[in-house]
Amino acid sequence: MFATAQELIKATLVDPRDAGDAMKAATNVIFAAEWGATQNELAEALLARAEGEKLRRVVMLSRVGVNRRDKVPFEKQNEPPKQMQKNALGLTLPTGGPTGQPGSLDGFALAEATLAKAAANGGWTAHIVRSGELRGNGPLLLADLSARLVDNLYDVKYQDLYWKLGDQGQGYTKRLNLAATLLRAATRAEAPPADVAALSVVCENNDPFGLLGEKTLTDPTDVERRKGYDMAKGRAPPPIADELIDQGLASV
């Protein structure tokens, strides 16, 4: 999560499920797990321990397609995870049998329901920020040999965000701008919309069956703004400015 130097404070890294004491003192909370089942687990464990008189706002990361997860391309994104298995090359990859966990979009649907139920019984407001498939500035997976190129593509080539109200659209969101958006939505004086989507790249499917791939509807950042940045050399563009996030939230 990005924060300006003035906002940085010393913190102790703990398992979020052990953060019950912190929840009792919290006024603003962000749930930012990238996997739906984990998001729901954290919400169930922690929202029950929040103090209604202190807590004012909860912002939860979710995904576009949660309400359309039986349709292309989201049904593919919602496939349940597989067990990790070592292959002949010695790489441990998710190629084994089913884990018993729900698909990620199913998990986010459960997390949203958990949030809504808790908010109905509390004195605070609940807000959903939806991303597309996450790209850039993330974990380097052995299964993705082009991960460094992907980081460079999204963190440098796509520096803007496109906004939609509720579960609309499809595409990709770069992690750095998503983190800035979650932080701004949780801490700004004016409450954000109850349900908003933030996409770095907006796409659409070329056919209803998903066989012909997808078409990109938005343009990349202009070349002048991309000059001087190279993720491979550690030169990353800054996250999207708060002023632009505020404009985006106000536009939906």
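Phe209 counts as exposed, at 63% relative accessibility; exposed means over 50% relative accessible area, buried under 20%, with a 1.4 Å probe and protein chains only. Phe209 sits in the loop between strand E10 (201-205) and strand E11 (214-216). Strands here are DSSP runs of at least two residues, helices (H or I) of at least four, numbered from the N terminus.

This is a predicted model: local features need pLDDT of at least 70, side-chain atom pairs count only at pLDDT 80 or more, and totals for chains, interfaces and linings use all residues. Residues are numbered from 1 along each chain as its sequence is written, and side-chain values use heavy atoms, without hydrogens and water.

The protein has eight helices and eleven strands. Of its 252 residues, 40% are buried.

Now the sheet. Five strands form an open sheet in the order E1-E2-E5-E9-E7, with mixed pairing; two strands pair if DSSP finds at least two bridges between them. Strand E1 (28-31) and strand E7 (162-165) are the edges, each with a single partner strand, so one side of each has no neighbour in the sheet. On average, neighbouring strands of this sheet are turned by 20° against each other, direction ignored.

Trp163 stands opposite Ala198 in E9. Helix H6 (residues 175-187) packs on the sheet and touches E1, E2, strand E5 (125-131) and E7; contact means heavy atoms within 4.5 Å. The direction of H6 makes about 150° with that of E2. Axes are lines fitted to C-alpha atoms, for helices over the stretch in contact, and angles run from 0 to 180 degrees between N-to-C directions.
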